[in-house]
Every structure is written in C-alpha cells, then in structure tokens.
Amino acid sequence: MSLLHLVVLAPFILALLVPFLYKYIRQVHTGWFVMILPLTLFIYLIQFLPNISRGETIFYQQPWVPSLGINFDIYLDGLSLLFGLLITGIGTLVVLYSIYYLYNKQKEALNNFYVYLLMFMGAMLGVVLSDNLMTLYIFWELTSLASSLLIAYWFHKERSRYGAQKSMLITVAGGLTMLAGFSLLFVMTNTFSIREIIAQADVIITNPLFIPAMLCVLAGAFTKSAQFPFHIWLPDAMEAPTPVSAYLHSATMVKAGIYLVARLTPVFGAAPQWFWIVSGFGIFTLLWGSVSAIRQKDLKAILAFSTISQLGLIMALLGLGSAAFHYDVAVVGTLYYTATLAAVFHLINHATFKGSLFMIVGIVDHETGTRDIRKLGGLMTIMPITFTVALIGTLSMAGVPPFNGFLSKEMFFTAAVNATTLDIFNMQTFGLIFPIFAWIASIFTFGYCMLMFVRTFLGNFKPEKLEKEVHEAPIGLLIPPIVLASLVVIFGLFPNLLAYSIIEPTMASILPGVLAEGERFYVNIYHWHGFNIELFMTMGVVVFGALIFLNLKKWSETAFFLKERDPLNWVYDNSLVWLVSGSLKVTNMQMTGLLRDYFVFMSVFIVGLMGYTMVKYNTFAIDLINVADIPPYIFIIIFVLIATTVALPFISHRVTAIVATGILGFIVALLFVVFRAPDLALTQLLVETVMVVLFLLAFYHLPELRKEKFTPRFRFTNLVVSIGVGLVVTLTALSVHAMSYSHPIQSISDYYVQNAYELAAGKNIVNVILVDFRGVDTMLEIVVLGIAALAIVVLIRLRMTGSEDV
Amino acid sequence: MLEISLNIALIIMSMSIFVCFIRIVKGPTMSDRVVALDTIGITLIGIIGIIMIIQNTLAYAEVILVIAILAFIGTIALAKFIEGGVIFDRDRN
C-alpha cells in the first residue's frame, strides 16, 4: 500500500463518513467537509508533476487476488496524472459549486448526493490509476453505478429515473462487452497488467483473437464516451443536478472511454481497423452531435450534444494519432503526432470550458427558473459576471482566438488536413472526409455556440416569462466557473505552460515506442502559424457559422429543426418494448401452466437427447448372443401383459381401469417368480393390492358430475411423444444389453454370493444386501415412507379452510 | 414327460388368465370383473406352484400364501366397494 493507493480509496472512506457528518453536524453544509478531500488529492497529485514531466513513471503493487492475476496496482504516468488532476481539480470546483447549488440543507438529501459523488470520484480515480485491467473494470462499473445514482438523484421525477435506467443499461452493456475484451486480452497475453500487455503488443496483433478483443474493448469505450450510436443516454442524463452534469457528463466520466482508447492505443493502434473505427466513429459523432445540438431548445441539452460532438472530436484525433505507429518519425518528421497532441490538448480545454459552461447554465437555471432558450434573453446587464464567464466559455468552444479552444481547433484542422496526405489504409481515396466533416461540424459548433450565448444573454429581457426575480448569482456559485474560465484564458494565452509539464508526458504514454530512446515529442503550441489552409478554414467556420445563426429564423420552422429528440431514441425505446413483449411472448408460449405440456417438453427433450446421442456416437446395437431361452407359457403371459397395457388407455370405465392396473401388477409379480425373485414378488403383490385399494378410495371421492363419464382423449402429439419415448427406451435397453457383452465388466454380485453367509450370517442374499451390505439405502427408504405417511396425515387433518391450495 | 405336461399346464393356465382378462375388460357389471380378478389370483397360485416344480425350489411358498390372502382381501374390498362405495367404515363401534 502506498499513498497513491490511498488516493483511490480515500473517497470511498470519506463516503462512509458522510452520512454521520450529515446527521450530526447539521449546521454546516456537508459539502464543506467533502470539498477538503479533492482539494487535498489535487495538491498531492500535482506534486508528481515535476517527476512525470521528466519522463518518470511511478508504479506501486498491491496484491489483491494474486492467484487470478488480479492486483490493485497503481501506475502513474502522464496520461494517468492528467486525468487524476482533471478529476480532483474539477471535483473540488464542482463540490464547491454544489454547496451553493444545493443550498437548501433541509430539502435536499445531501448525504445521498455526496456519498454518490465521492463514490464516483474514487471509482474514476481507480479507473485512471489502475494498471490492472480487472481492477480497472471494477472501477469502471462503479462509475456507471454512481452515475446512474446521481442522474436519479431526484428520484421522484419520472424523467430522472428514465435517464438513469437508460444510462445504466447502455454503459453497463458496454462495460460487460469490455470485460469480454479484457478476458480475450488475458487469453492472448496471460496477464491483466496493462504495461505487460503493451509490452506484448507485437505478439497480440498477429493473434486471431485480436479483432474480437479490439471490438469488445471499443464497445466499452464508445458506450461510456457517448460515441455514435451509443450517445443517446447522455442528453437524457441531463436530468441530473447541474453539478453532476458538469462533473460527470462533461469533464470526467464521459472521458473514461477516451482514457481507455488512449491507454490501449499502444496495444491496438498498429492495426488499420483501429485507425478506421476510432477515427471514423469519432468524426461521425462529431458531426452528428454538432448538428443535433443546434436543434435543441434546452441549454443543458445543447451542452449535452456539444459534449457528444467534442468527445467525437477527441476520439477522431486519437484514431488519427495512431497512424504514427506506421511511420518512422525520424524520417517523416513531426507530422503524424499532431493529432495526438491535439487530442490531449483539446481534452484539457474541453474539461475547462465545458465545466464552466455547465456551471453557467446551472446558474442561469438557478436564478431564472428555466433553461429554455425561448424564454431567456437579455441577461447581460442583469448578470454581468455570469455573462463574462459564459462569453469566454462559448468563444473557446466555438474556437475563436485568443482562447484555448481556438488552439486545439487549429490543431484539429491541421491533423484532419494531414490525414488526407497519409499514404496508408486507402486514405488517398477516403481521407478527404476528415477535413470536410471536421469543417462542417465546426460550422455547426460555431452556430450552436452563438445560439446558446445570444439567446441567453443578448436580446430583450422577458421577465413576464420567468417565475423568479432575476439577479446575479451568489459569489460561491460564481467562483468555480470563474476559476475554470480563467484557466481557459491562461491556457489560451500561454499554452506552452502545459506543453512539457503534462501534454508531452501524456503523449509519451499514448505513443510509446514511436520515438527513439531519449527523444521527446516536440510540443509547441502557438497562435499564429501564417496564412495556411487551417486559418482559412477557421475563417470559413466563423463566416458560415454566423450565416447559419443569422438565418436561423428562416429554417427554424423546418421539420429538421423542430425535431429535438435524437432519432436513435426511437430505436432504443422500441427495442426495450420489443424486448419485454418478446420475452413475454416466449414465456407465455412455454409456461402454459398445464402439466401436460411440461411433460411433453421433458419427454421430447429426453427422446431428442438420447436419440441424438445414439446417432451421433453410433451406439445403437442389437446383439442376440447370451439371450436365454423363452418357455412357451412366458409368451402367453407377456402377451397378456401387452394386451392389458395396450387396452388400458382405451378403457372408459374407471374401476375397470383400476382392476386392469391390478392385473398388470399381478403379472409383473408373476414375472418376478419366473425370474426367481421371491422377495420381489411378495413385495410387489402386497404393494399392488394396497395401490388398488388406494385408487378405489381416491376414485370414490371424485366429483359427482364427471363420475363414470371418463373418456380418454386422443392427441396426436401425445401419441407421437409416447411412441418416441417407448422406442428410445427400448432401443437404449437393447443397446445396453449388447454393449454389456461387447465391453464386459465384472459384476460385483459374485462377492455377495460368496460372502453373504460368511460375513453377514444370512442365507437370503437380497435381505442381507438390504440390511447389511447396503443398509443405508434401506434406512433412507424407511424415512421416505415415514415422510409420506406423515404428509398424508398432515394433508388430511390440517386442511386449510377456505383455500384451494392444499 | 413331466416337463412337457407341466409346460402344457402352464400354457393352459396362462390362456385362462387371458380369458379372465377379456372378461374384466368386457364384463358388463362390476361383479363380473371382480370375480374375474379373483379367478386370476387363484390361477396365479397354480402357475406359481407349477413353476416351483419346474425350478425345483420351495422359495415361492410364501408367495402362494400371500396371493391367497390378498385375493381374498381384494375381493372382499371390491365387494364392499360395490355394495356401499365405502371400503373402511367410519363407525368404529
């Protein structure tokens, strides 16, 4: 155990204490106690920054289930540290924000909220710090669970429960698929340690399980990171309280998939399939999200689709970045890792500006009582600080200089344009989609940024549509977005603060082995890089984005624009309905409630299984050696036996049927005599007589109405099934007989014959076996009889009154 | 010689069981069936006796006794069933 282990476990430990703090220290808002923890963790983690930026990595072991290779190992490198800082840093701000957002200590269930939030924080830290895939998976599912709990925080609202269920179903389905992928990785490499798997990357890529493992892992990453078509849960997750949306659904949890893709790029990145799937899904998600965002009327929904589209952007860049594995950097220069650089940089930028924007939306919601852009407007003079922060955030998101969004957008364009020059994987023909999609998506991004900003803060103030007296937010609500916005400005003006401290080590962990020993990635982010194609693309984005926004009135009436819900929700909702109705149908089909049907199922299954086994293994055989002679009278007895059996189903008189059954029993007793089994014959006779008497007793009590009117009904299925059962059992018996001679096995009966008198002092071998050699069976059969007798007494004497079910 | 005659006797007795069985199936009244069942029991006693001669054993003597008792008890039970529909009387006096 090290302090880094404690970093992961501390939130869970604090979560245990939160209910006590909430219950016993009511006068202080519980959030203040909670806030200390992420702040401490942030300060602790930031101390690793100098070491990490020198290229060091930190690894601590902690065995957990060593026999299965599952260890709670902590590995800290650039990528983990970046995520760790994001989680703890934004976590601190979000907790601070939530203190003022959920200000009503009496009305809000703060204990629940902070327990869930801390659970999420710990799980998220576990995801990014774990070196073991199984540990990672456990924390991964914990984030899904905590996320669902947080979405359904106001569980009395139906939409919240719907959103929680949806996100749970989608992310857990993806998580389980990912578990399959991890298992396949284990099968290929015999280890769960990510570092050891990366070390074996060149072996894995030739393995036939490579593609299935890759697809399974990507399913987990794509569902978590809301990539198309799994993005539909994210807009519905906006029913959560705004701090949750800001924290989980913009800055941290949805980036877990990004983290996983970045972390496993060294394993899978060399495959062309990886390049195409990751970058293809990413670029399409980018376009889909930005186009969908512009149709929304709710501020949080706009931000949700915006998050989807920005995540797609990062994902696409990670995919493009994997092309670096195919080139010798020393030869072709720095061209191909620009994409990875842009991905890491935009990851940081997105966390800052999206977090602040969510908080701004929360403030607007808090102060005006609505998030609907049709009701809002003209808040600029009323809420000046909020306005300023929102301006910075939106401009950064839209990609306008001098904010950090501009820098990452420029780099994104560079990477997309570079993608067309790649001479691998048919990029000459298809490569053009990257810059085109990127450009169109950026235009729409610019459009929805303007829409969001202008509709909220500019235009006319409409107090008649608002329920509250509008005024500026309290300072506590404003501090977190101000901090984030200042980071946006700082990173925008001085991007190289980040360059070698965190971006370069992160790139080194995403693309290990690309550079020669001792070399470092060249990271230099700058605003002005001359009149090149990226600059013209940005100009085009601004011009066309503004055009889209200015003409919004014209096409806001079109069907495309009015349809707010994502069309893929139709698929999700209906497949849930189909799943329920389909399984109901299947259940109703087989669970008829009729014993007759269940017997048919069982018999058909037995016949099928036995028949199939016989055919498959060719075990059917008839062997007539060692067959005894049959005296002529036996033929007649057997004939009577058969005749009685065949006649039985056709007898329509109940008592006759009972008597016929009695004859069957007598004949069986006779057969026992013929085959020299006097004890059996005795018992058989007695039992048969008692049975006949019992049958008569039972039939006497049948209801009056149907008495004596019994006619056996004919069913073709029953005939077929019964013939099948008889046939299969007969064939099996014949085969067993034949086999027992072709594979002779010594019978143990000789032992009993020889030792019955000597060891057990009895001449009746059957009885000696029953009470001496195998006495335990007899004892238990006596117990069975005793239980049956007791049960009969209970059934008769203790009949429940007024109930049918006894 | 003895062997052959014993076998012939067995065949005849088996056919007698079959004939009784036909009576049980057809028997217009309940009493016909009960009498047929009783006859089958007695015939079984005969068959078992002959089998004891063939197999040269005394092991089935108990079986014969039991069948004799059971045939009696069974016939009584069925007769009571036909008579009153009740086999065991509730009145213990």
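This is a predicted model: local features need pLDDT of at least 70, side-chain atom pairs count only at pLDDT 80 or more; totals for chains, interfaces and linings use all residues.
Local features need pLDDT of at least 70 and side-chain atom pairs count only at pLDDT 80 or more, while totals for chains, interfaces and linings use all residues. Residues are numbered from 1 along each chain, chains are lettered from A in the order in which they are written, and side-chain values use heavy atoms, without hydrogens and water.

Start with the rings. A pair of aromatic rings is described by the distance of the centres and the angle of the planes. Rings of Phe, Tyr and Trp (its six-membered ring) pair if their centres lie within 6.5 Å; planes under 30 degrees apart are stacked, over 60 edge-to-face, and the rest tilted. Take Tyr153(A) and Trp154(A): their ring centres are 5.6 Å apart and their planes at 50°, so the pair is tilted. Tyr153(A) is buried, at 6% relative accessibility (buried is under 20% relative accessible area, exposed over 50%, partly exposed in between; 1.4 Å probe, protein chains only). Now compare Tyr751(A) and Tyr752(A). Their centres lie 5.8 Å apart with planes at 65°, so this pair is edge-to-face. Tyr751(A) is partly exposed, at 42%, whereas Tyr752(A) is buried, at 12%. Phe113(A), Tyr114(A), Tyr153(A) and Trp154(A) make up one aromatic cluster.

Charges also meet rings. The cut-off is NZ of Lys or CZ of Arg within 6 Å of the ring centre and within 35 degrees of the ring normal. The charged end of Arg195(A) sits over the ring of Phe59(A), 3.8 Å from its centre. That of Lys763(A) sits over Tyr757(A), 5.5 Å from the ring centre.

Next, the cores. A nonpolar core is a set of buried Ala, Val, Leu, Ile, Met, Phe, Trp, Tyr and Cys residues joined through side-chain atoms within 4.5 Å. The largest has 206 residues, and Phe182(A) and Phe268(A) touch the most other members. Helix H17 (residues 338-368) of chain A gives the most to this core, 17 residues. Domain 1 (1-205 + 237-264) and domain 2 (328-564) of chain A both contribute, so the core lies between them; the bounds come from an automatic or database domain assignment. Beyond its neighbours within four places in sequence, Phe268(A) is in contact (heavy atoms within 4.5 Å) with residues including Leu185(A), Phe210(A) and Trp274(A).

Technical notes. Helices (H or I, at least four residues) and strands (E, at least two) are DSSP runs, numbered from the N terminus.
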